[in-house]
Amino acid sequence: MPRMMHFTNPLEYSYRSSSLFNVGKSDGFHAHAQYEIYYFHDGECTYIIGDRVYVLAPGDLVLMHGMTLHRPHPIAGKRYERTTLHFDPSAVRSHLHPDRMDEVLQPFEELGNCRINLKGEVRAEFEQLLLQLHQLSLHTGSFVQERLNVRLCELLYFIAGICQGNLEEHRPSSDKERHVQHIIRYVDMHYMHDISLDDLANELHLSKPYMAGLFKETTGSTIFKYLYDRRINQAKVLFQFQPGISVTEAARLSGFKRLSHFSRIFKQSVGCGPDLYRTRLHQ
């Protein structure tokens with residue numbers, strides 16, 4: 001089930017995290033209110049963001065509006081090294097130049113999610129900025145938080161400059177990637193209705209066993225697990241942006257036919273029932 005991640009600080013930073021993953025141990029689909037900067041240093045990994053499937057290459061910079069379901073799927077037993085940075089846009093705005101604020105946050109707000117492959121001097125400078133931010137995060141004493149804010153703004157200005165006329169138009173690189181992207185897009189368009197493997201097989205003109213195996217291999221998730229992930233995430237979005245919505249209406253709009261089923265799946269995913277989740281969200 002998807003995890004709605006919550007961060008206690010305006011800036012959460014993980015520098016060059018490196019892990020060896022076993023089959024089934026990669027992060028699940030998740031979403032969060034923070035914007036995310038994800039940089040892929042080395043290894044083998046497929047990244048799924050919304051209906052897009054990226055086979056990552058070293059130097060890939062991924063920018064995300066965190067409310068879109070996403071997950072990395074590293075190759076089992078292979079190196080997986082990345083830097084992730086989550087930040088609260090409302091906390092950052094006051095530190096940006098007012099004439100540049102919208103332009104700097106535009107890649108996250110208007111583009112939603114995108115990937116850029118950094119090369120040469122641009123890549124070297126960006127990695128140096130990540131290192132400097134990491135080194136500063138290890139310091140203690142006066143003005144460290146203020147200095148981190150300045151460093152984060154510098155990073156965001158640099159990214160905004162990269163994004164001007166330098167965005168990659170995403171095209172699936174293989175038939176497998178194209179099929180998985182088609183499955184996710186179909187689920188995203190029809191999650192509020194009943195969906196069967198027969199529906200998907202007819203849509204893609206593929207056999208059910210091949211289609212199910214392909215999706216699992218590429219994403220690390222089953223098709224129906226992704227479907228429930230998508231429905232639960234939609235309910236969370238409704239609770240966040242429509243505070244007055246009832247649990248019954250959120251369940252219906254998210255594709256659940258029975259309220260009891262929705263409540264059970266929601267609690268399994270989040271750790272509390274939808275009523276309590278909604279209350280905590282708006283305290």
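In helix α5, residues I183, I184, V187 and D188 meet I223, Y226, L227 and R230 of helix α8, where contact means heavy atoms within 4.5 Å. Of the residues in the contact of α5 with α8, 6 are nonpolar, none is polar and 2 are charged. Here Ala, Val, Leu, Ile, Met, Phe, Trp, Tyr, Cys and Pro count as nonpolar, Asp, Glu, Lys and Arg as charged, and the others, Gly among them, as polar. The model is predicted: local features need pLDDT of at least 70 and side-chain atom pairs count only at pLDDT 80 or more, while totals for chains, interfaces and linings use all residues. Residues are numbered from 1 along each chain as its sequence is written, and side-chain values use heavy atoms, with hydrogens and water left out.

Two packed helices are described by the angle between their axes and the distance between the axes. Helix α5 covers residues 175–190 and helix α8 residues 223–241; they pack at about 40 degrees with their axes 10 Å apart. That angle makes α5 oblique to α8. Angles under 35 degrees count as roughly parallel, over 145 as roughly antiparallel, 65 to 115 as roughly perpendicular and the rest as oblique. The axes are lines fitted to C-alpha atoms, for helices over the stretch in contact, and angles run from 0 to 180 degrees between N-to-C directions. Helices (H or I, at least four residues) and strands (E, at least two) are DSSP runs, numbered from the N terminus.

Helix α5 also packs against helix α7 (residues 208–219), at an angle of about 100 degrees and with the axes 10 Å apart. The two helices are therefore roughly perpendicular to each other. From α5, K176, H179, V180, I183 and I184 take part, and they meet Y210, M211, L214, F215, E217, T218 and T219 in α7. This contact of α5 with α7 has 7 nonpolar, 3 polar and 2 charged residues.

Helix α8 has a further partner in helix α10 (residues 259–270): their axes come within 11 Å and cross at roughly 90 degrees. This makes α8 roughly perpendicular to α10. Y228, I232, A235, K236 and F239 in α8 meet H261, F262, I265, F266, S269 and V270 in α10.

Next come the nonpolar cores. A nonpolar core is a set of buried Ala, Val, Leu, Ile, Met, Phe, Trp, Tyr and Cys residues joined through side-chain atoms within 4.5 Å. Buried means under 20% relative accessible area, exposed over 50%, and partly exposed in between (1.4 Å probe, protein chains only). The largest core has 33 residues, and I37, F87, F126 and L155 have the most contacts inside it. Its largest share, 11 residues, comes from α4. A second, separate core of 22 residues includes V53, I195, M211 and L214.

T46 lies in strand β5 (residues 45–49). T46 is buried, with a relative accessible area of 10%. Among the residues that T46 touches, not counting those up to four places away in sequence, are V53, R71 and T218.

Most residues other than glycine have a negative phi. R16, in strand β2 (residues 11–18), has a positive phi of about 45 degrees although it is not a glycine. R16 is partly exposed, at 35% relative accessible area. H205, also not a glycine, has a positive phi of about 60 degrees. H205 lies in the loop between α6 (197–204) and α7, and is exposed, with a relative accessible area of 71%.
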